[in-house]
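Student: I would like to go through this protein step by step. Could we begin with the overall layout and then turn to the details?

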Amino acid sequence: MSDLTPDNTSATAQDETIDQSRRKLAGAALGVSAVFTLASRPVLAADQCMSPSAAVSGNLSQHGTPTLCSGRTPGYWKTHPESWPSPYLPGSCNGGQNVCNQAKNWKNGTLFHPLFSGTQFMADLDGNPATPKTSLSLMQVLMVSDGSNPWGLTDPDNLGAHIVAALLNASVIPSLTPVLSATDVINIWNEWVSKGYFEPTANVQWNSAQIVDYLKTTMPV
């Protein structure tokens with residue numbers, strides 16, 4: 001596996017980004033009385049993280065060794081295909097940076113569907129409307145919101161890109177996100193597709209923006 005040494009990023013900027021995401025999560029669950037309590041806690045280290053259910057209650061243990069996450073952002077995985085963990089393949093792109101930063105120029109690679117349920121990232125990739133739509137690859141989904149896809153697809157709140165990044169983070173050995181397994185990530189997406197929300201704990205419903213806010217807390221690098 002390729003070297004996953006963190007990029008040189010300002011620790012202060014990381015702290016501010018993670019803290020903002022956690023404060024957004026504290027904005028309350030949809031249509032229920034339960035609220036997040038993270039906002040009332042002291043500012044946490046950028047790499048300290050929680051499971052979805054713990055994020056709802058703010059149940060961050062103050063004893064023992066804290067759980068740390070060092071997940072990479074969607075931007076990292078887009079530009080570091082050599083670091084993708086098995087069994088996921090980024091595919092191939094022939095050309096320089098100006099070519100390979102566009103979703104349409106990536107071929108092959110692990111498909112988003114049916115690994116994830118739904119049809120959000122199905123498109124007429126061959127340009128022939130008479131043929132069935134096919135799935136974008138994981139790499140192409142990372143690029144949908146960049147305005148570089150010719151298929152008119154959208155990714156509200158950039159959820160698809162963050163789900164792909166979370167899947168790759170969880171699949172690195174050892175995992176970059178001990179609070180999330182690859183199965184957990186797939187289940188978050190599938191529940192959101194089937195219900196229109198993800199329920200991290202009973203009677204708490206996260207929309208796509210809240211899911212993304214949570215996932216960002218596991219991606220400090």
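This is a predicted model: local features need pLDDT of at least 70, side-chain atom pairs count only at pLDDT 80 or more; totals for chains, interfaces and linings use all residues.

Student: What percentage of the residues of the protein count as buried?

Tutor: A residue counts as buried when its relative accessible area is under 20%. The protein has 221 residues, and the buried part of them comes to 44%.

Student: Why are Lys195 and Glu191 separated by about one helical turn?

Tutor: Both residues belong to helix H7, which covers residues 182-195. Lys195 and Glu191 are about one helical turn from each other because their spacing in H7 is four residues.

Student: Is Glu191 buried or exposed?

Tutor: The cut-off for buried is under 20% relative accessible area. Lys195 has 43% and counts as partly exposed, and Glu199, with 24%, is partly exposed too. Glu191 has 17% relative accessibility, so this residue counts as buried.

Student: Which helices give two or more residues to the lining of the largest pocket?

Tutor: The largest pocket holds about 180 Å³ of space. Its lining includes Lys78, Thr79, Gln97 and Cys100. The elements that contribute two or more residues to this lining are helix H3 (74-79) and helix H4 (97-100).

Student: How many residues of that lining are charged?

Tutor: Among the lining residues are Pro81, Asn101, Trp106, Met143 and Asp146. The lining divides into four nonpolar residues and three polar ones, and the charged residues number two.

Student: Which residue in the hairpin of S3 and S4 takes a positive phi?

Tutor: Strand S3 (residues 198-201) and strand S4 (residues 204-206) run antiparallel and are joined by two bridges. Thr201 has Val204 in S4 as its bridge partner. Two residues lie between the strands of this hairpin, and the positive phi, near 70°, belongs to Asn203.

Student: What kind of aromatic pair do Phe116 and Trp189 form?

Tutor: The structure holds nine aromatic pairs. In the pair of Phe116 and Trp189, the centres are 6.3 Å apart and the planes make an angle of 75°. An angle over 60 degrees counts as edge-to-face, and this pair is edge-to-face.

Student: How many residues apart in sequence are the parts that this pair ties together?

Tutor: Phe116 and Trp189 are both buried. Phe116 lies in the loop between H4 and strand S1 (122-123), whereas Trp189 lies in helix H7, so the pair ties together parts whose separation in sequence is 73 residues.

Student: What is the angle between the planes of Trp206 and Tyr214?

Tutor: Trp206 and Tyr214 are both buried. Their rings form a tilted pair, 5.5 Å centre to centre, and the angle between the planes is 40°.

Notes:
Residues are numbered from 1 along each chain as its sequence is written. Side-chain values use heavy atoms; hydrogens and water are left out. Buried means under 20% relative accessible area, exposed over 50%, partly exposed in between (1.4 Å probe, protein chains only). On a 1 Å grid over the protein atoms alone, a cavity is a set of points where a 1.4 Å probe fits but cannot get out, and a pocket is an open set with protein on both sides within 12 Å along at least five of seven lines; lining residues have an atom within 4 Å of a point. Grid points are joined across faces, edges and corners, and a volume is the space filled by probe spheres set on the points. Ala, Val, Leu, Ile, Met, Phe, Trp, Tyr, Cys and Pro count as nonpolar, Asp, Glu, Lys and Arg as charged, and the others, Gly among them, as polar. Two strands pair if DSSP finds at least two bridges between them. Rings of Phe, Tyr and Trp (its six-membered ring) pair if their centres lie within 6.5 Å; planes under 30 degrees apart count as stacked, over 60 as edge-to-face and the rest as tilted.
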